[in-house]
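Please examine the structure shown below.

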Amino acid sequence: MDDSVMTMDSSSIDEAKARGNIYSLISRFFMREVDKQFLDILKKRESIDALRDHGFTFLEDLLSRREGELIDELAVEFASLFLMSPGRLLSPYESVQTGKEGQLGGEASSKTFFFYKNAGFTISEGISLLPDHFAIELEFMGHLCEREAVALEGDDEHTARPEKELQRGFLKSHIGRWYRPFLSNVGAAAVLPFYREASSFAREFLDSETEYLASASA
């Protein structure tokens with residue numbers, strides 16, 4: 001294998017891993033309240049750099065805040081946005097956002113479940129969220145990126161290519177149908193900069209992913 005091919009393969013592996021890490025980071029924003037463990041992750045240089053690379057610096061503000069006070073504030077914000085009867089506009093569920101009745105557990109929920117099952121993905125143990133929750137859909141995309149990276153590391157292009165096709169298909173048929181209005185509504189409703197900026201970051205990243213995966217399949 002010549003140097004140019006090795007460089008390309010290394011670059012593709014790093015890209016798949018980086019994309020997977022960002023999906024996982026965004027998923028955690030919407031999975032549950034910020035706790036000390038997650039706050040420690042956010043304060044790491046790699047998390048701060050990942051967002052700065054996309055033009056966001058809101059994590060740097062966390063470094064100067066008192067930890068306990070910040071966690072309490074963010075817990076209240078998370079609850080007010082996503083737990084205390086958020087209504088259709090702020091519901092983190094695809095079935096509510098896209099279904100005609102706007103209710104949990106509709107067609108979107110069953111379709112995401114079978115998409116996961118066919119792809120060999122299971123929701124992490126201990127998570128009680130339904131399959132079409134925004135955080136679970138993002139976790140699934142991160143999982144597919146990780147599988148793509150593993151295939152590329154094994155020099156298995158025949159496996160890596162279908163993984164990327166699964167990413168493209170899921171983004172188009174599920175997340176892509178509702179992330180923009182949902183995240184815009186979250187940003188508008190958020191009082192603290194944290195969730196306002198996190199939703200903006202998620203929207204911009206998913207916009208770039210939509211364009212990237214469309215071009216990758218061309």
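A residue is called buried when its relative accessible area is under 20%, exposed when it is over 50%, and partly exposed in between, with a 1.4 Å probe and protein chains only. The model is predicted, so that local features need pLDDT of at least 70 and side-chain atom pairs count only at pLDDT 80 or more, whereas totals for chains, interfaces and linings use all residues. Residues are numbered from 1 along each chain as its sequence is written, and side-chain values use heavy atoms, with hydrogens and water left out.

The aromatic contacts come first. Rings of Phe, Tyr and Trp (for Trp, the six-membered ring) form a pair if their centres lie within 6.5 Å; planes under 30 degrees apart count as stacked, over 60 as edge-to-face, and the rest as tilted. By this criterion the structure holds 23 aromatic pairs. One of them joins Phe 82 and Phe 182 in a tilted arrangement, with 6.4 Å from centre to centre and 45° between the planes. Phe 82 belongs to helix α4 (residues 67-83) and Phe 182 to helix α10 (residues 179-189), so the pair ties together parts that are 100 residues apart in sequence. Helices here are DSSP runs (H or I) of at least four residues, and strands are runs (E) of at least two; both are numbered from the N terminus. Phe 82 and Phe 182 are both buried.

Another pair, Phe 140 and Phe 170, is edge-to-face: the centres are 4.8 Å apart, and the planes stand at 75°. Since Phe 140 lies in helix α8 and Phe 170 in helix α9, this pair ties together parts that are 30 residues apart in sequence. Phe 140 is buried, with a relative accessible area of 0%, and Phe 170 is likewise buried at 0%.

Charged pairs are the next topic. A salt bridge places a side-chain nitrogen of Lys or Arg within 4 Å of a carboxyl oxygen of Asp or Glu, and the structure holds 17 of them. Glu 148 and Lys 164 form one, at 3.0 Å from N to O. This pair links distant parts of the chain, with Glu 148 in helix α8 (residues 134-153) and Lys 164 in helix α9 (residues 157-173), 16 residues apart. Glu 148 and Lys 164 are both buried. Through shared partners, salt bridges join Arg 19, Glu 148, Lys 164 and Glu 209 into one network.

Two further salt bridges involve partly exposed residues. In the first, the closest N and O atoms of Arg 52 and Asp 49 are 2.9 Å apart. These residues are three apart in helix α3 (residues 45-52), and therefore separated by about one helical turn. Arg 52 is partly exposed at 37% relative accessible area, and Asp 49 is partly exposed at 26%. In the second, Arg 65 meets Glu 73 at 3.2 Å, N to O. Here Arg 65 is partly exposed at 29% and Glu 73 is partly exposed at 31%.

The largest pocket has a volume of about 350 Å³. It is lined by 15 residues, of which Asn 21, Leu 25, Phe 38, Ile 41 and Ser 47 lie nearest its centre. On a 1 Å grid over the protein atoms alone, a pocket is an open set of points where a 1.4 Å probe fits, with protein on both sides within 12 Å along at least five of seven lines; lining residues have an atom within 4 Å of a point. Grid points are joined across faces, edges and corners, and the volume is the space filled by probe spheres set on the points. The elements giving two or more residues to this lining are α1 (3-31), α2 (36-42) and α3; α1 gives the most, with six.

Two loop positions complete the tour. Asp 155, in the loop between α8 and α9, has phi near 55°, a positive value in a residue other than glycine. Asp 155 is exposed, at 56% relative accessibility. Tyr 93 lies in the loop between α5 (87-90) and α6 (94-98) and is buried, with a relative accessible area of 13%.
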